[in-house]
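Here is a short tour of a protein model, written to be read with the structure open beside you. Let's take a helix, a core and a strand in turn.

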Amino acid sequence: MKVAVATDNGMVSAHFGRCSEYTLADIENGKVMKTESVSNPGHEPGFLPGFLAEKGAKVIICGGAGPRAQALFAEQNIEMCM
């Protein structure tokens with residue numbers, strides 16, 4: 001499973017859309033197998049859930065997100081952990 005973490009300077013970002021990057025982690029059998037960082041391509045309404053879905057994310061970890069973003073992540077079948 002691929003998990004995306006909204007990050008700023010190695011820490012979980014307070015808001016998923018305003019982070020500087022996303023740390024993507026491939027997790028198998030409870031272990032992190034591989035990580036990569038991708039720069040935030042920009043916070044445009046509705047764009048980031050699809051962007052992260054294209055990267056294969058099934059979960060997003062972030063400090064917070066509004067109700068519209070939560071609905072858009074649900075449409076992409078991405079679970080949110082805030």
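## Ground rules

Helices (H or I, at least four residues) and strands (E, at least two) are DSSP runs, numbered from the N terminus. The model is predicted, so local features need pLDDT of at least 70 and side-chain atom pairs count only at pLDDT 80 or more, while totals for chains, interfaces and linings use all residues. Residues are numbered from 1 along each chain as its sequence is written, and side-chain values use heavy atoms, leaving out hydrogens and water.

## Helix H2

Start with helix H2, residues 67-75, where Ala69, Leu72 and Phe73 are buried (under 20% relative accessible area; exposed is over 50%, partly exposed in between, with a 1.4 Å probe and protein chains only). These residues lie on the same side of H2 because they cover an arc of only 100° around the axis, taken from the directions from the helix axis to the C-beta atoms. Pro67, Arg68 and Glu75 are exposed on the face turned away from that buried side.

Just after H2 comes Asn77, with a positive phi of about 60°.

## The nonpolar core

The largest nonpolar core has 18 residues, and Phe16, Tyr22, Leu52, Ile60 and Phe73 have the most contacts inside it. Such a core is a set of buried Ala, Val, Leu, Ile, Met, Phe, Trp, Tyr and Cys residues joined through side-chain atoms within 4.5 Å. H1 gives the most to this core, with three residues.

## Ser37 in strand S4

Ser37 sits in strand S4 (residues 31-39) and is partly exposed, at 47% relative accessible area. Ser37 and Tyr22 are 15 residues apart in sequence, yet 5.6 Å apart in space, C-alpha to C-alpha.
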